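Me: Hi! I'm new to looking at protein models and would like to talk one through with you. Could you help me find my way around?

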Amino acid sequence: MRLVLVLAVLVAALTVVGIAPGAGAVVRCGTVSVQEYGVAQPLVYRVRLVKGGISCRTARRVLGYFMRKDVSPQGWYCARGHASQNQAWAAACGTRAGALIRSYGPVRR
């Protein structure tokens, strides 16, 4: 009986850890649209929460702000990705607390 209880607790703990974004599971957070200079249609980028305990809404806001204004929001540090450095992401932002979000694209319509 004790063995069954220990196994049940262990399985429950591993399940919770396995779905947490900080445990390596990337969370898909939808898209952001960015109107870029010289482009008639807004470009659409996929947003991913790589790690950290933030909401998808915050991730979309931060990346959208950075991609529109080229300025990191307060408390965030952002950078553009470069294909020459084998970076698949268009932009990435992080915090000192360890949150990491990235945008990929633009998505073709």
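**Disulfides, a core and a charged pair**

Reply: Happy to! Let's start with a link: with 115° about the S-S bond, the disulfide of Cys 78 and Cys 93 is right-handed. A disulfide here is a pair of cysteine sulfur atoms within 2.5 Å. One caution is that this is a predicted model, where local features need pLDDT of at least 70 and side-chain atom pairs count only at pLDDT 80 or more, while totals for chains, interfaces and linings use all residues. Residues are numbered from 1 along each chain as its sequence is written, and side-chain values use heavy atoms, with hydrogens and water left out.

Me: OK, so how far apart are the sulfur atoms of Cys 78 and Cys 93?

Reply: They are 2.1 Å apart. Cys 78 sits in strand E3 (residues 77-80) and Cys 93 in strand E4 (residues 91-94), so the link ties together parts that are 15 residues apart in sequence. Strands (E, at least two residues) and helices (H or I, at least four) are DSSP runs, numbered from the N terminus.

Me: Is Cys 93 buried or exposed?

Reply: Cys 93 is buried, at 1% relative accessibility. Buried means under 20% relative accessible area, exposed over 50%, and partly exposed in between, with a 1.4 Å probe and protein chains only. Cys 78 is buried too, at 16%.

Me: How many disulfides does a search of the whole structure find?

Reply: Two. Cys 29 and Cys 56 form a disulfide as well, with sulfur atoms 2.2 Å apart. The torsion about their S-S bond is about -60°, so this disulfide is left-handed. Cys 29 belongs to strand E1 (residues 27-34) and Cys 56 to helix H2 (residues 56-69), so the pair joins parts 27 residues apart in sequence. Cys 29 is buried, with 3% relative accessible area, whereas Cys 56 is partly exposed at 22%.

Me: New topic: which residues have the most contacts inside the largest nonpolar core?

Reply: Met 67, Trp 76, Cys 93 and Ile 101, in a core of 18 residues. A nonpolar core is a set of buried Ala, Val, Leu, Ile, Met, Phe, Trp, Tyr and Cys residues joined through side-chain atoms within 4.5 Å. The elements that give two or more residues to it are E1, E2, H2 and E4, and the largest share, five residues, comes from H2.

Me: What is Met 67 in contact with?

Reply: Leaving aside neighbours within four places in sequence, Met 67 is in contact with Val 34, Tyr 45, Arg 80, Ala 90, Ala 91 and Ser 103. Contact means heavy atoms within 4.5 Å.

Me: Arg 80 is on that list. Which side chain meets Arg 80 in a salt bridge?

Reply: That of Asp 70, at 2.8 Å, N to O. A salt bridge is a side-chain nitrogen of Lys or Arg within 4 Å of a carboxyl oxygen of Asp or Glu, and the count comes to one. Asp 70 is exposed at 52% relative accessibility, and Arg 80 is partly exposed at 28%.

Me: What about Arg 48? Where does Arg 48 lie?

Reply: Arg 48 lies in strand E2 (residues 43-51). Arg 48 is buried, with a relative accessible area of 14%, yet has no salt bridge. The nearest side chain of opposite charge, Glu 36, is 16 Å away; Lys and Arg count as positive and Asp and Glu as negative, with His and the chain ends not counted.
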